[in-house]
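Subject: Structure for your files

Hello,

Please find the structure below, followed by notes on what turned up in it.

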Amino acid sequence: MSMEYIHREAAKLVCKCRTRNPFKIAKIIGVHVIWRDDFVKLKGLYKVIERNRFIFINSRLDEYEQKLICAHELGHDALHRTLATYGILQDMMHCDMKSRPEYEANVFAADILLDDKEIFDLARDGYTEQQIASELCVDVNLLIIKMNEMNKRSGYGFKLSSAPRGGFLGD
């Protein structure tokens, strides 16, 4: 699956739903979000059961992490639904850079949650990666994924101080 396809699908979803809020997007497209308080290390998972699509989210996470988990799982819905029909896509560490489906879901989540123009404007104004992430209320590693993809896709030329770390959401 090409990165261009992933960017296009995320953009179509944001445009269709007229929001970057992953919970609203899930509701609009018919994905059921279920909050679980019995998850210990598990942050979220995506599963298709009898053609019904579900995102399960650990209710103990903070609101920003829940939002990221929801966007990430929407990535699995858009990109990996067949995998989820035959198994569960569960996430303890959402930034496993060795897993292609997990990286693709992270790129999708970054495109859902983060607007290119906002990032460009903040970077142009001299904000660091950490400051941009703080301003936009996202993990810096998700921002770095987004900025790397913006460099590849549109030639922005961001000088990034680091690469995203695997397992950036931790256990």
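The structure holds 13 salt bridges, a salt bridge being a side-chain nitrogen of Lys or Arg within 4 Å of a carboxyl oxygen of Asp or Glu. This is a predicted model, in which local features need pLDDT of at least 70 and side-chain atom pairs count only at pLDDT 80 or more, while totals for chains, interfaces and linings use all residues. Residues are numbered from 1 along each chain as its sequence is written, and side-chain values use heavy atoms, with hydrogens and water left out.

One of the salt bridges joins D77 and R53, with 2.7 Å from N to O. D77 belongs to helix α3 and R53 to strand β3 (residues 52-58), so the pair, 24 residues apart, links distant parts of the chain. Helices (H or I, at least four residues) and strands (E, at least two) are DSSP runs, numbered from the N terminus. D77 is buried at a relative accessible area of 2%, and R53 also counts as buried, at 15%. Here buried means under 20% relative accessible area, exposed over 50%, and partly exposed in between (1.4 Å probe, protein chains only).

R153 sits in helix α8 (residues 140-154) and D116 in helix α6 (residues 116-124), 37 residues apart. R153 is partly exposed, with a relative accessible area of 27%, whereas D116 is buried at 18%. Both residues are also part of a network of salt bridges that links D111, D116, K146 and R153.

Helix α6 also contains the pair D121 and R124. The closest N and O atoms of their salt bridge are 3.2 Å apart. The two residues are separated by about one helical turn, because they are three residues apart in the helix. D121 is buried, with a relative accessible area of 19%, while R124 counts as exposed at 53%. As background, side chains of opposite charge can pair when their charged atoms come close.

About 280 Å³ of space lies in the largest pocket. Lining it are 17 residues, of which K67, L113, L136, C137 and V138 are the closest to its centre. Helix α3 (residues 63-79) gives the largest share of the lining, four residues. By type, the lining divides into nine nonpolar residues, one polar and seven charged. For these classes, Ala, Val, Leu, Ile, Met, Phe, Trp, Tyr, Cys and Pro count as nonpolar, Asp, Glu, Lys and Arg as charged, and the others, Gly among them, as polar. On a 1 Å grid over the protein atoms alone, a pocket is an open set of points where a 1.4 Å probe fits, with protein on both sides within 12 Å along at least five of seven lines; lining residues have an atom within 4 Å of a point. The volume is the space filled by probe spheres set on the points, which are joined across faces, edges and corners.

Last, the backbone. Most residues other than glycine have a negative phi. E50, not a glycine, has a positive phi of about 50 degrees, and R51, also not a glycine, has one of about 65 degrees. E50 lies in the loop between β2 (44-49) and β3, and R51 is found in that loop between β2 and β3 as well. E50 is exposed, with a relative accessible area of 75%, and R51 is exposed at 79%.

Regards
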